[in-house]
Every structure is written in structure tokens, then in C-alpha cells.
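Trainee: Please show me how to read contacts and pairings in a model like this one.

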Amino acid sequence: MPSPAATDPDHIHPGRSRIPVLARLTSGLRWDLPASLVVFLVAVPLSLGIAAASGAPVMAGLIAAAVGGIVAGSLGGAPLQVSGPAAGLTVIVAGLIEQFGWPVTCAITVAAGVLQVLLGMARVGRVALAIAPVVVHAMLAGIGIIIVLQQLHVMLGAEAGEAALQNIMALPDSLAAVDPQAAFLGAVVIALLIGWKYMPAAIRRVPGPLVAVVAATLLSLPFNSDVDRITFDGSLLDALSLPHLPQGEWTAIAVGVVTIALVASVESLLSAVAVDKMHHGERTDFNRELLGQGAANVTSGMLGGLPVTGVIVRSATNVEAGGRTRKSAILHGIWVLVFSLLLAGVIQLVPEAVLAGLLIMIGIRLVKVADFQTARITGDLAVYAATLLTVVFVNLLAGVLIGLALAVLLVVWRVVRASIHAEPLGPAAEGRWRVVIDGSCTFLSLPRLSKVLAAVPPASHVTVELDVDYLDHPVHDTLEAWRVRHASNGGSVEIEETGTATLHAAQAGTPARGSSRSALRGGFAPWRSWQRDSSPLAVDASGHVPAPVRSVLNGVDSYHRRHAHLLRPHVEELSTFQDPDTLFITCADSRLVPNLITSSGPGDLFTVRNVGNVVGSGRLEPSVEASLKFALDELSVTSVVVCGHSGCGAMTALLAGPAPDRKPEGKSPAGGVDRCPVDSWLDHGRPSLEAFQAGHPVQVAAEQAGYGAVDQLAMVNVAVQLERLQQHASLQDAARSGEVHVTGLFYDIATARVLQVTATGISHLDPLPRAEELSPA
């Protein structure tokens, strides 16, 4: 018998215990290892440059890069995202270092990391994505401009100022006293970075920033001490330092903590979203990502490193280099750590002007023309400009707060703004006016509403078209007060409510936004549901409204006002020709609307309608014959449809037989047969009645589905008409070749659903039931 150990699935033989672990560790290394080396080569010069731009110790950038790769890579929720020091935080960190010093800034980084961990535990990861992207784009552009203004002075061999305006004002002096060697080295870096994308693909596999920094550094070696280089004391281990607690200024400290936490979180989450779009693997867990970023910032701050965030440049490089799992990010951090421990002396060969040229290109790339154009197209240019200018000339926190406030105000304005206008109907002497209110009507719209209502002449007849999806009680009170006042002055008011929000609902309880556009707005509802006797009417020359055309002309009036301008762009090209897809043969019943049940528009259906949707008996009925020939030969339709419906009057008459009050067949004075026209026409449907009585397969299927005799006959009639059509020579040839497809439909009026009818049965075409249709009554 096998031993218990052999049959126990939880037991692992001691000699084999390491195999599954090794398999997990080495899985994907064939892709992740080379990708990690590429990301490492990109991260080192960027981390050095960001540390220099922040005014922090140079090794703090490498500490943050190593911690970001190892800690955030291990614990974060975005497997392919690479974290480290980011250009987006340089301005914030520089301000904190200037105000509190480096050790206290490290403590602020630790506190910001703790706040990020708490946000992740509170599961607000996706909530952070609610920040308007235009604000983030403008913030990054502002940071980019600040970096360029600062580092331009460094590249020219001068000292950079503290504020953007100061750097702008000092630029002429720096140009006048330019250091040729520093400017040359910075220009070499910029030229290499600009031209790198034009190099052959094989060469571009080496990261451009690494090539630029190495090449410019080699060029600087003959300059000896004539150029300023990066300096630091000791090794990476010497750079490790514990944070210091601040002494007072707790409000400013709290602002710094919140600022770093929020900016780092938002930048990390937005970067994660962008990375998710670059691959098809595991998606980001946003709450876990916040936990990972927070842990990395706590670790980095405790070791004396810069704040950490997800970096889109390194993350994109990781994906493009073939990274498959989080191992690539972790390995990149290990390579940074090894380099910092063993080759730190190499860093001191890099001139400051070289890193300045690298940072200038980083800053320029943060200012994206595409973001500016998007803001202009989407109407967010004011938010973009206000955020950018405030970030550049005031500070980053103020810029973000102002940008968010403006974005919220702009959204509120767009959402709650209603289109309100009044216009006379016909000559002004007739005293008929229309007031149109469209959109979301709230108390914020009262100034505009009151102005428009005041412009309506007294003693006039007014129709208020209320097509809104939100309406609150103040609007109800304003409209009601105006209606009473207008009526007391001899006028009259009729309110047409065609939206999803009503005056009654605004008065009866808490207002709520309608969940969808009203069906009335789409023109689906019958006249009786929205027309009233006192609606605006078309009149003849004598001022009389002909009663028989009252509804038609009201409908035309509504069409002109609400739909014609929407339809016009779609029918302009159809003004000189038609190119329908389908010949649609259906009943003349007023309850069946072909374009409605097929979601089609002008030019889609070539429609033939008659009583009972019949095509003829013996041979095709002349009008159907002519339509079929024209549709096949001239219009080249690709499908032919016969559509019946429930409660069909023709099918009811067929089942009932000739009515006793109809004039019986007899001889006319001319010697011909004089029959009731209805009975004569119903002859076309008698083959369908015979098939129904003989137990046609469609009749059996319809009966099993619970339909009554009239509807069973209507479905059989569709099948019989299809058979008769397919016997026509021209259609038979087209159907056999696959050029034309023939099908049958049945419209169930009571449920507003459509079934398919074939020669052997019926099938349902409706989608899956909605949740409310499945719930018990």
C-alpha cells in the first residue's frame, strides 16, 4: 500500500520541496531579466537628475529608485509599473527642503507614506481617479516649465533662482555670462536625446538618456576641474540617514504631508491606468497599489531617500522591453542598489550641466501639446491655463486646488445649465408663444428662466415645453407663480412635459435625475400621449384649424422643432438617390411602425404595406410584383422581409368568414362579378387559412407558445407568404446564389417584441430579460 505521505496532497517530499518554489521564482525570467536591465539603465541618470533638481543629496535619488523597485514592486498592485523618484514631485520636495531641511523632509515623506497606506486600507484607490485629468496634465506641464526655467540657468553655468518669475527675469544675465563648457555639454545631451529617435532600431535598444549622459561625461573629462560636477561625501551606506522630527510649524508640515501623499498617489494611479492600456496581462489593484506606494515611501523616508511614485517613463520602458511580471521592477531595484554600492564613484564624474540638459528634456516632455489640444477641444482650456499658471507662479498645491475647484464648477455649470428660450408662433398679432426648457433645470437657472418668462407678452397663449431630466422645487414654484400671474392678466398657459422629470415629481418629493432620455423625445409615443387640444396648432388662411389634420400638423410642428435639425445631416446625401438594404413587406395596421421595430432610419427600408401583409394568390399581387422587381433590379436589396403582427384585422376576418351584412356575390349591370372589396382582397389570405387549419408547423409552434388563434394564423400567414415569394423566379435565383436573404417577422403588439418566423416554426429575437423583469411582482 502507498504510504500516507504519498497519498497526502499537502505532503511534499523533502527532496522536492524546493522545486515548486524555484519554478515560481524563475517563471518569466527570460523576459523580466533583460527588461529589468533596460529599466535600470534608464532609471540611474533620471534618479540622479531628479535628486539634483530637488536640491536633495544625490544618493537620495538612487535610494528612492532602489526602494521603489524592490518595495513598491513587491507589494504594489500594478505588476508592470516601475516606481522611483519622479519629476512631478521635484518642485514640492525642493520647497520642503528649503523650508524645513533635508532630515525633516524625510520625515514628511514617511508620514506621507503612512497616509497612503491608510488610504489603501480605506479602499479609496479608485476614488482618487476622480481627479480631473486636465488638472493633472496642467500640473505636470507647470512642473515641466519650472524645471526648464531652473535647469536652463544651471546649463548656462549660473545659479538658479527659487521662483519661476525670478528665473525668467534673471535669464538675460545668465545668457550674458554664459559658461561655454557647461552650455556645450548641456547642448550635447539635448541634441542626443532629440536625435535618438531617428537612430536605427537596433541602436535605440540602448536607452537614450544613458547614452547622452555617458557621452557628455566622456566629452567633459578633458575639462578637468573647469566644469562643476556632482559631489557627495561617502558611499551609499554613508548617505543612509534617519529622518528628524520637525520642531513646530505643524500646519505647514501637515500641508506638506498631504500634498506629497495626494500628488504621489494620483500620479501613481494615473500611471497605472496608462500602463494597463499597454498590455493584456494582470490588471491593477488600485488599493493594493496605494499600500505598496505607501510602504515604499515609508521605507525611502526612513533610509534618507526621495519620495517614491509610479513613473510612467520607466513603466512604459518596462513594457516595451518585454517585462511580463513584477520581477522586472524588483530586479531593476536590485541593480540600482548594486550599482550604488559598487560604482558610486563613477557618479562624481558626471557634470551638473549634463544632468541639467537631461532635466530640461524631461521638463519639455512634461508639457504635452496633445494635452493642451484636448483641453481646447473639450472646453477645459480655462481649467488647464489656470492650473498651469498658478503652479508656475504661485505653488503647486494652490495650482491643483484652483484647478480642481474650476473643474468642479465647470462640471456643475454644464450639468445644471438648462437651455431656456421663448419665441412667437406665427405672426405676433396672433398672440401665441412657445417657451422651451431643455436640460437640467434647477434654482441656478432661475435668473435665466425669470428673464425669459418676463419677455413673454401678457394676455398671450403660451405653451411651455418642459423637456428636462432634472427639475427641483424652486423651479416648480417659479413656473406655477408665473402661470397664475399670466392667467390673471388674461393669458393662458399649457405645459407639455416630455422629459423624464415632471413638475408633479418636483413637488411630491426629493427631486431626482431621470435615468434615461424620454421616449417622447425620440418620437416613439403616439400623439394621444403628448398632444393636447390646446397645443400649438397650424391654421389655414382664415385662421381656422381643420380638425382632421390637427394631430398631423401638431406632429409636423414638433418634428421641425425637435428632430429635423438632428436628421438633416443623415439625409443630405440621400436627397438625389436611395440605396435601401431591405424590401420590407408588412401590414397597413397603424400600430406597426417598421422603422421603429428595426431601429432603422431614412433610406434603410423599401416598404410595401397592404392589409394582411399578403403578396398575392396564384401569382404576386401587382403592386408587390412591381415593388419586388424594382427592389431587386434597381435597388439591389440584400434582404426581403415579410412582417405580420398580433391582433391583425385581416386574420380576424379570415377566421370569422364573410360577414352577414356584406353584399353577397352577384352580377353587376356590366355582367361582371360584384363582390365586397374586403372579401375579394382576403382571397389572397385563404391559402394561409387552409394551411392553418391543416396544422402548419408554425401553427403548432405558436400554439405551444401560448398564442391565440388569430395570432397563430398571422404567423402562419407570414410563413405562407414567404413560401409564395420564394417561388418567384427572380427572387428564387437571387436567394439560391446567396445575394438575397428572405426572412419572416412577427410583431407582438402587447409586449412590443419581435419574433422570427420560419417555414418550420418561430424563434425569439428579444434580448435577455432585464433585472426588473425577472424580479417577482
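Trainee: What should I know about the source first?

Mentor: This is a predicted model, in which local features need pLDDT of at least 70, side-chain atom pairs count only at pLDDT 80 or more, and totals for chains, interfaces and linings use all residues. Residues are numbered from 1 along each chain as its sequence is written, and side-chain values use heavy atoms, with hydrogens and water left out.

Trainee: How many salt bridges does the structure hold?

Mentor: Side chains of opposite charge can pair when their charged atoms come close. The criterion is a side-chain nitrogen of Lys or Arg within 4 Å of a carboxyl oxygen of Asp or Glu. The structure holds seven salt bridges. One of them joins Arg 434 to Glu 423, with the closest N and O atoms 2.4 Å apart. Arg 434 lies in strand E4 (residues 432-441) and Glu 423 in strand E3 (residues 418-424), so the pair ties together parts that are 11 residues apart in sequence. Helices (H or I, at least four residues) and strands (E, at least two) are DSSP runs, numbered from the N terminus.

Trainee: Is Arg 434 buried or exposed?

Mentor: Buried means under 20% relative accessible area, exposed over 50%, and partly exposed in between, with a 1.4 Å probe and protein chains only. Arg 434 is buried, at 5%, whereas Glu 423 is partly exposed, at 25%.

Trainee: Which helix holds both Arg 483 and Glu 480?

Mentor: Both lie in helix H23 (residues 473-488), three residues apart, about one turn of the helix. Arg 483 is partly exposed at 30%, and Glu 480 is partly exposed at 33%.

Trainee: How many aromatic pairs are there?

Mentor: Rings of Phe, Tyr and Trp (its six-membered ring) pair if their centres lie within 6.5 Å; planes under 30 degrees apart count as stacked, over 60 as edge-to-face and the rest as tilted. The structure holds four aromatic pairs. For Phe 40 and Phe 339, the ring centres are 6.0 Å apart and the planes stand at 65 degrees, so the pair is edge-to-face. Phe 40 is in helix H3 (residues 29-54) and Phe 339 in helix H16 (residues 327-342), so the pair links parts 299 residues apart in sequence. Phe 40 is buried at 14%, and Phe 339 is buried at 16%. Phe 606 and Phe 630 form a tilted pair, 5.8 Å centre to centre with 45 degrees between the planes.

Trainee: What sits over the ring of Trp 31?

Mentor: A charge sits over a ring if NZ of Lys or CZ of Arg is within 6 Å of the ring centre and within 35 degrees of the ring normal. Here the charged end of Arg 324 sits over the Trp 31 ring, 3.9 Å from its centre.

Trainee: Which residues does Asn 610 touch?

Mentor: Contact means heavy atoms within 4.5 Å. Leaving out residues up to four places away in sequence, Asn 610 touches Thr 586, Cys 587, Ala 588, Val 624 and Trp 681. Asn 610 is in strand E8 (residues 605-610) and counts as buried at 8% relative accessibility.

Trainee: How do E12 and E13 pair?

Mentor: Two strands pair if DSSP finds at least two bridges between them. Strands E12 (residues 741-748) and E13 (residues 753-757) pair in the antiparallel sense over five bridges. They form a hairpin with four residues between them, and Ala 752 in the turn has a positive phi of about 60 degrees. A hairpin also joins E13 to E14 through four residues.
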